[in-house]
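Reader: I'm new to this one. Could you take me through a close look at the part around the ligand?

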Amino acid sequence: MNQSSPVLQAESISRSFPSSSGKDKLEILKHLSLTVTSSEMCAIVGPSGSGKSTLLHLLGGLDLPDSGKIYWNRFAISDWKPDKLADERNRQIGFIFQFHHLLPEFSALENVCMPALIGGRDIREAEPRATQLLERIGLSERMHHRPAQLSGGEQQRVSIARALMNKPAIILADEPTGNLDEKNSDAILDQLSELRDTEQVAMVLITHDRDIANRCDSVYELTHGALRQLKAD
Ligand code: ADP
Ligand code: MG
């Protein structure tokens, strides 16, 4: 898998925030680099407050580094204007968060279709793939339920299907099992690794659960603003 092409790269990125007094700078990420190849499942662990979510936002182009560059499929995303970046993000990146962020007034099927609709596609065009994804993730009986009618594990599975809707090259997941018990966490991991194979998608998975991390191809620990590799692909 090491020979496959890089789909996501961070090259010496730094990010700091002003301290609450405004006098000092909080240096969260310091010249951090990372390369993720196609279909690689990469885990990032680290203590709370170490900058994992900050890193994920930068990798997904939701925030900009103070210095350094992010590349998606070898393109530097800082070269793009905001509209182009938003469009590329919608097509290339799928996000999964700890709290599913499903839209409460829409059904599971409609939620999964949403990224396609945002990308300008028609609902009739989007529905077959959304239906197929929900079937593959074991929710064929739940398509027309709203999020409140689903369990926590089911809600998270809907958000996984939503993240895959536009056939992204990369899934960025921020503590996707952080809100679930062990049994549901394991099931989510099984489904993510199966989807990685069938959808040929690379994943960056933030987790504080070492068992989950060890099921990934590569594991990095974020400490003192940089990544230390704990397990190689
Ligand atoms: P983690 O996800 O590893 O728990 P975060 O990336 O959320 O950590 O946060 C890392 C540090 O950066 C924390 O100390 C947090 O308070 C700080 N931080 C994150 N975002 C901001 C922001 N927008 N403004 C100021 N400080 C921030
Ligand atoms: Mg976080």
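Author: Here is a walk around the ligand site. First, some ground rules: this is a predicted model, where local features need pLDDT of at least 70 and side-chain atom pairs count only at pLDDT 80 or more, while totals for chains, interfaces and linings use all residues. Residues are numbered from 1 along each chain as its sequence is written, chains are lettered from A and ligands numbered from 1 in the order in which they are written, and side-chain values use heavy atoms, with hydrogens and water left out.

So, who sits around ligand 1? The shell is made up of Phe17, Ile28, Pro47, Ser48, Gly49, Ser50, Gly51, Lys52, Ser53 and Thr54 (a residue is near if one of its heavy atoms lies within 4 Å). Sort them by class and you get 3 nonpolar, 6 polar and 1 charged (Ala, Val, Leu, Ile, Met, Phe, Trp, Tyr, Cys and Pro count as nonpolar, Asp, Glu, Lys and Arg as charged, and the others, Gly among them, as polar). Helix H1, residues 52-59, gives the largest share of that shell, with 3 residues (helices are DSSP runs of H or I, at least four residues, numbered from the N terminus).

Now for the polar contacts, meaning pairs of N or O atoms within 3.5 Å. Gly49 puts a backbone N or O atom 2.7 Å from an oxygen atom of ligand 1. For Lys52, a polar backbone atom is 2.9 Å from a ligand 1 oxygen. As for cover, ligand 1 has 560 Å² of accessible area on its own, and the protein covers 57% of it (areas come from the Shrake-Rupley method with a 1.4 Å probe).

Key. Polar contact = N/O pair within 3.5 Å; in protein donor to acceptor, adjacent residues only side chain to side chain. Helix = DSSP H or I, 4+ residues; strand = E, 2+ residues; numbered from the N terminus.
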